[in-house]
Amino acid sequence: MLVKIHTLSKNILQNFQSLSLLLARFAVAYGFLEPALLKWKDIGAVAEWFDSMGIPFPTLNAYMAASSEILGVVLLTIGLFTRLISIPLMVIMVVAIMTVHLVHGFSAGDNGFEIPLYYMLFLFIFTSHGAGKFSLDYFLFEKKTQ
Amino acid sequence: MRLKDFYLELSVLLNYFQSFSLLFARIVLAYGFYEPALTKWRNFDTTAEWFSSLGIPLAPVMTLLTASIEILGVLLLFLGLFTRLITIPLMIIMVIAVLTVHISNGFSVADNGFEVPLYYFLFLSILTSYGAGEFSLDRVIFGKEK
């Protein structure tokens, strides 16, 4: 009985894999849009801020973070090189947690590491599962062409 | 097609992390539901009044239902048992939470917007379509998928 329910629900729900990844990609892309635009508007201030947190090569790293984020927005939306771009974005999230959020605890209400942790998890899921069928990755790399 | 070969090789490598990412997502969600669930059980009457003030019909029954699903969700997500079955009612709870509480506050978590329940909904939709992964009781009881 339980096995039957499990198999039935599995067979139905597996059809939603690509849809769930698509929606999650959109949400993460949207989430990175504002921080990315903010960094590009005043990259000098970001470099100073990075420097004040003890991040080495603040100007270089400010450009790297801002570039990865804006690239992330575009690539996650269209699902191109999804597994690749997720990796630097995960690194950015880890650095953000370590340098900014960790001291504030968990809760998002206190600027804790809750939200960057969720982003890191989404990105970890993207890097290990890929972008799903609704993506350029699928059409360019995974779809059987023959 | 060097790029295609590279991407496929990378995919094979990163696929090994699928079950880890699902395990982390399950643990984080279980942790996330832990406090709301306990709060509902501890302040049952207050929660029922709150539900009723939000215009939810049969408030005490719904409170009992929500609190039960959430505490069950904590346990089952942690163990990876009946993962697909428990994620569906939890997704419904998230939709209702967004509609009744959060949507009028906009997106950002800073304004108590629908950001966090949206992320929970997306994590749950990934778990409901992909299942709990290798590190779960579902796998022990029901065997390998596909």
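In this predicted model, 28 residues of chain B are in contact with 26 residues of chain A. Four helices of chain B each supply at least two residues of the side that touches chain A: α1 (2–15), α2 (18–42), α5 (83–102) and α6 (115–130). The biggest share comes from α6(B), which gives nine residues. By class, this side of chain B divides into 17 nonpolar, eight polar and three charged residues.

Now take chain B as a whole. Its secondary structure comes to seven helices and zero strands. Along the sequence the pattern reads α-α-α-α-α-α-α. The C-alpha trace spans about 60 × 35 × 20 Å along its principal axes. Chain B has 146 residues, and 38% of them count as buried. Consider next the contacts in chain B between residues at least 6 apart in sequence. Of these, 62% join residues at least 24 apart.

Zoom in on α5(B). Which of its residues are buried? They are B:Thr83, B:Arg84, B:Ile86, B:Thr87, B:Leu90, B:Ile93, B:Met94, B:Ala97 and B:His102. These residues cover an arc of only 165° around the axis, so they sit on the same side of α5(B). What do they pack against? Within chain B, the partners are α4 (59–79), α6 and α7 (137–142). From chain A, α1 (2–13) joins them.

Two packed helices are described by the angle between their axes and the distance between the axes. Here the pair is α5 (residues 82–101) and α6 (residues 114–129) of chain A. Their axes come within 8 Å and cross at roughly 160°. Angles over 145 degrees count as roughly antiparallel, which is why α5(A) is roughly antiparallel to α6(A). The crossing of α5(A) past α6(A) is left-handed.

Which residues make the contact? On α5(A) they are A:Thr82, A:Arg83, A:Ser86, A:Ile87, A:Leu89, A:Met90, A:Met93, A:Val94, A:Ala96, A:Ile97 and A:His101. On α6(A) they are A:Pro116, A:Leu117, A:Tyr119, A:Met120, A:Leu123, A:Phe124, A:Phe126 and A:Thr127. By class, the contact has 14 nonpolar, four polar and one charged residues.

Terms used: Residues are numbered from 1 along each chain as its sequence is written. Chains are lettered from A and ligands numbered from 1 in the order in which they are written. This is a predicted model: local features need pLDDT of at least 70, side-chain atom pairs count only at pLDDT 80 or more; totals for chains, interfaces and linings use all residues. Axes are lines fitted to C-alpha atoms, for helices over the stretch in contact, and angles run from 0 to 180 degrees between N-to-C directions. Angles under 35 degrees count as roughly parallel, over 145 as roughly antiparallel, 65 to 115 as roughly perpendicular and the rest as oblique. A crossing is left-handed if the near helix is turned anticlockwise from the far one by less than a right angle, and right-handed if clockwise. Two residues are in contact if their C-beta atoms, placed from the backbone, lie within 7 Å. Ala, Val, Leu, Ile, Met, Phe, Trp, Tyr, Cys and Pro count as nonpolar, Asp, Glu, Lys and Arg as charged, and the others, Gly among them, as polar. A residue is buried if 20 or more other C-beta atoms lie within 10 Å of its own, exposed if 12 or fewer, and partly exposed in between; C-beta atoms are placed from the backbone. The arc is that of the directions from the helix axis to the C-beta atoms.
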